Amino acid sequence: EMLRVATFNIAGNHGSYCAEKIADVLKTCGADVICLQEVAAQRLHGGPTQAHDIAAALGMPHCVFAQAHQVVSKPFGNAVLSRFPLRPVAELGIPHGSLTREDGTTRMPGAAERRCALVVEVQVPTQAAESMPSAPPAIAVASAAEATTSSIGSGGQSPQDAVATATVEGAPTSTPVLCISVHFPLFNRLDTREGGPCETPVHIINKFMLGERHCTTPALLCGDLNTVLESPVLQLLRQHWSVYPHTRPTFYGKEHAHIKIDHILDRGCGQWRMQPAQTIPLMEDTHNASDHVPVVAVWERVL
């Protein structure tokens with residue numbers, strides 16, 4: 001059993017945002033599960049988001065969105081799309097990053113913006129389940145905050161119903177894993193020192209994942225961490241997560257070109273392992289769709 005996962009900051013608030021370009025980029029990933037950051041909603045209270053439009057274009061029937069903050073009175077946050085049933089588990093609030101750059105006066109981009117980590121449960125089919133006929137897809141629109149669902153089109157189902165584990169002659173046909181879509185805030189050099197505020201998002205996520213309910217569940221941590229492999233943030237994450245190097249940059253911003261700040265980490269719990277040399281960003285000229293590129297990894301079930 002293998003799970004192909006991708007993460008992509010789609011820069012949904014940029015004036016150049018184009019859902020069709022984003023969907024075209026993600027089609028090249030061939031992912032079963034996709035984590036998105038910087039996703040905007042169409043209106044303030046409920047309804048489809050950019051993530052749901054992308055899911056429809058990709059033919060992915062399950063989508064969960066979590067609001068981190070508002071941009072021009074519209075919800076803005078993270079999402080998870082999936083070929084397989086999803087259940088919203090939690091939204092973990094993450095405090096803002098540094099308010100200023102190193103000079104102490106220049107405003108840090110995104111200062112005072114609340115961020116979040118969206119935690120979902122993915123029901124990954126076993127080989128027996130994959131051989132069974134499936135129902136026609138319909139996009140399940142879910143809110144992690146309310147865990148309620150409506151449908152685009154017909155045949156939609158609630159996250160609770162969708163993740164009910166099916167059985168064939170008593171054998172489970174799916175196995176649950178956790179997937180976290182996260183967007184860390186920006187920190188200046190002073191705040192990125194060991195023991196500094198930059199460690200707060202890591203502590204929030206680890207506290208949740210080390211709790212009694214989730215401490216033995218295999219998990220993926222995916223997103224725009226706004227930090228490089230050598231940073232204290234990644235070093236702290238290594239205590240409970242496996243961190244994988246990139247061979248190519250993931251961000252092409254005007255000020256900091258060619259840096260590797262988007263990551264896919266895992267906690268296999270002896271049940272899953274990341275395939276070697278698979279955690280690399282795809283270079284399909286994707287900076288024309290966003291200032292980031294997607295990162296793709298293949299997770300393999302240990303038999």
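Q: Which residues is asparagine 206 in contact with, leaving aside its neighbours within four places in sequence?
A: Asparagine 206 is in contact with His240 and Trp241; contact means heavy atoms within 4.5 Å. This is a predicted model, in which local features need pLDDT of at least 70, side-chain atom pairs count only at pLDDT 80 or more, and totals for chains, interfaces and linings use all residues. Residues are numbered from 1 along each chain as its sequence is written, and side-chain values use heavy atoms, with hydrogens and water left out.

Q: Why is asparagine 206 called buried?
A: Buried means under 20% relative accessible area, exposed over 50%, and partly exposed in between (1.4 Å probe, protein chains only). Asparagine 206 has a relative accessible area of 9%, so asparagine 206 is buried.

Q: Where in the secondary structure is asparagine 206?
A: Asparagine 206 is in helix H5, residues 200-209. Helices (H or I, at least four residues) and strands (E, at least two) are DSSP runs, numbered from the N terminus. The chain has 6 helices and 18 strands.

Q: What makes threonine 49 a cap of H2?
A: A side-chain oxygen of threonine 49 lies 3.1 Å from the backbone nitrogen of alanine 51, at the N-terminal end of H2. A polar contact is a pair of N or O atoms within 3.5 Å; within protein, one must be able to donate a hydrogen and the other to accept it, and residues adjacent in sequence count only if both atoms are side-chain atoms.

Q: Which residues of helix H2 are buried?
A: In H2 (residues 50-58), Gln50, Ala51, His52, Ile54 and Ala55 are buried. After H2 comes glycine 59, with a positive phi near 70 degrees.
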